[in-house]
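The structure under discussion is shown below.

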There are 2 protein chains.
Amino acid sequence: MKENKIPYKTYLDESEIPTKWYNVRADMKNKPAPLLNPATLKPMTAEELSPVFCDELIAQELNNTDAYIDIPEEIQDFYKMYRPSPLIRAYFLEKALDTPAKIYYKFEGNNTSGSHKLNSAIAQAYYAKKQGLKGVTTETGAGQWGTALSMACSYFGLDCKVYMVKVSYEQKPFRREVMRTYGASVTPSPSMTTEIGRKILEAHPGTTGSLGCAISEAVEVATHTEGYRYVLGSVLNQVLLHQSIIGLECKTAFDKLGVKPDIIIGCAGGGSNLGGLISPFMGEKLRGEADYRFIAVEPASCPSFTRGKYAYDFCDTGMVCPLAKMYTLGSGFIPSANHAGGLRYHGMSSILSQLYDDGLMEATSVEQTAVFEAAEKFARVEGILPAPESSHAIRVAIDEALKCKETGEEKTILFGLTGTGYFDMVAYEKFNDGVMTDYIPTDEDLAKGFAGLPEVNL
Amino acid sequence: MKENKIPYKTYLDESEIPTKWYNVRADMKNKPAPLLNPATLKPMTAEELSPVFCDELIAQELNNTDAYIDIPEEIQDFYKMYRPSPLIRAYFLEKALDTPAKIYYKFEGNNTSGSHKLNSAIAQAYYAKKQGLKGVTTETGAGQWGTALSMACSYFGLDCKVYMVKVSYEQKPFRREVMRTYGASVTPSPSMTTEIGRKILEAHPGTTGSLGCAISEAVEVATHTEGYRYVLGSVLNQVLLHQSIIGLECKTAFDKLGVKPDIIIGCAGGGSNLGGLISPFMGEKLRGEADYRFIAVEPASCPSFTRGKYAYDFCDTGMVCPLAKMYTLGSGFIPSANHAGGLRYHGMSSILSQLYDDGLMEATSVEQTAVFEAAEKFARVEGILPAPESSHAIRVAIDEALKCKETGEEKTILFGLTGTGYFDMVAYEKFNDGVMTDYIPTDEDLAKGFAGLPEVNL
């Protein structure tokens, strides 16, 4: 096809895998707002957070100053199991689109968890083990995070209790089996195993669950069980820190190739992938060393950035977690049942929320049939069946490349391909059968979510 | 873990991907027996084969003399979509086994088809397109071959009709959806769309199908439809030729690392992966340049090598295909319904059969609960959830490594990890629930299969 140029896939040498995570907060003029204690509405101290999170992870959560944090050797070893991930030049897609744009994607799906989530799961499991804990609890929606955590816990011999949103538990039995194969216990949420679960089931007997509710259950179990802590796969500052390995590898690969991206695109649910992908590039922008366009892509059915409010909100339905300031639809907001992919969290990373509010990045929303059209096109030419979540970024990357075709501009586009869609074939089947529908919440729908926002006057 | 030594993963540069396939037949003193015309019992000519197969593939099928065959540039391009595949040093597994053995595996599962099958699918689709055909037909059991072929056909804009063994079609709806996403039509076999299908359904109304029966349907459709040919994912000489890319990449990577394997292990159903993996190493052995132990691993429930007969047999249930001389259990043999993985074909590649008969390789059989124990162990330490088929090789690699532990020998073991198990979670679930059972056919079971062997007196 195109010879002697950029290779199709660029893998770093193992010796080039980053040995430090990058903490973008160090370079932010406006720091993300702190977590608040829901009882006192004052910033949570490390001590207050310690019944919920591991100590070292709390330190990372609160660290707004150190730009680089060492990756412990044990985690570096584990990273070598599936990293470096390839930076891929999308020659086949470029040809299919007949665009002058140069498209690249960082592919994080070549591991059994099927996504980038493993980058943070292994870090969180490591610190839990180091602290001498017996196990961790968590929630999972689409199942990627739960799978990643069960793999990480199996590696360190930690117990892993996963609360899986009931509708996913029933629709994705195979995800559940992967977690069980890695030794995790998986409970459909809401369940009778927790007080909050019993309360929710009493109030809403037929409920199929939500992420916010599963979080509440996982936190309750962690804080009521000796030797356990709660871990979370997105939203938190620590998670974005761990995920910076995606962007750091990207940056190193681009530097080796002598390429500089113009536009960087990522899907955004809680922000873990997007934050990790853009971090080092955003650092350059914050330090005035380079400029990039950053685009967050979210589903039109759960539009935290594009239609949410920037406010303090609860992170979970049970309101047992600290409050976070973020773009949010309200902790009571649940996307329509026709929504296929993940990216269904009501809020958004505080770091990304601050960057967005400061005008340092853009956001856009896309509808799901358009997303699956992009996914199918991509699968057929690039050979990778993408996760519905990742396909949000593909959609916008294709749209930007088509704009280049109109204008003749040779822009360099990078997007994050966070994972594979092997466990999402029910959604693909709907698309293949032509029965997939779109949903955009009305202003009235959103108003209901906003009505539940807590009053916080700092 | 272990520093400054062999990396965890060795990727060749794109420029090092082989540009020629290696044809092991050129170096075999005893050539594999030719395909016979079932009507005349004489070797099939190219002309006789042309209603079934593409012309160029027939030439490859009959070519016993050229050691190297050029890989067309279009196929080389496609290979760059997912190749080179990594050669992985199993440091984590070695540590878990506490063995002095050095274990390597060639991982072919990092592509959406989930296995090595894509290596031959793209070649067969290319030659079909080059010949100006409209489409191809095939059968699929576990679904890996059908998925690979649908990806390849989508790439070249060819129509793809897949006959999927009915029991798989029903148990693996997600495999079916992947094929549909790539534009293939998928029909459960036996079906009413063919004469042979209708006959079989009449004789066995409740049948859930078999590979041999699906082959008959696919061949019938190919030979009765203008512009179509039949393609096959294993067994044939041409397939082993295409799959030699696995072994060639392996050999190049080992040479770069300065490593020579002592034992090479692969699972064996029809022989495509094993044949491809060992070809260049076997070539060295045949030419007296090096020595290796080769071990074919098959399921105890379908033991073609270890309990089969070396004889001419039908390749399909409908007896419409040419006869092949191979280790076979008889075309009427169907493994017990409790058998989880693929590797359920009654026969075996003619090339491998001849090599085995000449004492140039070994074979062993393993039971499926032991296979899944190995699979789970491997998944937990190496982070890759293996396909049940591949796990047969893992089982024997682990057993050989444990023998090294006893003897203290530092042998170098290579095995082929042909694919991932994401679409095999029903089998994993059985294993996780402790309800998986083993099955070994009795001599009486086998005698029934042997009774159907044709009489061929050459």
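In this predicted model, B:K325 lies over the face of B:Y310, at 4.5 Å from the ring centre. Likewise, the charged end of A:K260 sits over the ring of A:Y292, at 4.5 Å from its centre. A charge sits over a ring if NZ of Lys or CZ of Arg is within 6 Å of the ring centre and within 35 degrees of the ring normal.

Over all chains, the structure holds 51 aromatic pairs. Rings of Phe, Tyr and Trp (its six-membered ring) pair if their centres lie within 6.5 Å; planes under 30 degrees apart count as stacked, over 60 as edge-to-face and the rest as tilted. Two of these pairs are tabulated.

| Ring pair | Centre distance | Plane angle | Class |
|---|---|---|---|
| B:F372 and B:Y428 | 5.1 Å | 75° | edge-to-face |
| B:F378 and B:F415 | 6.1 Å | 75° | edge-to-face |

B:F372 belongs to helix 15 (residues 368-382) of chain B and B:Y428 to helix 17 (residues 425-432) of chain B, 56 residues apart. B:F378 also lies in helix 15 of chain B, whereas B:F415 is in strand 15 (residues 412-417) of chain B, so this pair ties together parts that are 37 residues apart in sequence. Helices (H or I, at least four residues) and strands (E, at least two) are DSSP runs, numbered from the N terminus.

B:F372 and B:Y428 are both buried, as are B:F378 and B:F415; buried means under 20% relative accessible area (1.4 Å probe, protein chains only).

Residues are numbered from 1 along each chain as its sequence is written, and chains are lettered from A and ligands numbered from 1 in the order in which they are written. Local features need pLDDT of at least 70, side-chain atom pairs count only at pLDDT 80 or more, and totals for chains, interfaces and linings use all residues, while side-chain values use heavy atoms, with hydrogens and water left out.

Technical notes. Buried means under 20% relative accessible area, exposed over 50%, partly exposed in between (1.4 Å probe, protein chains only).
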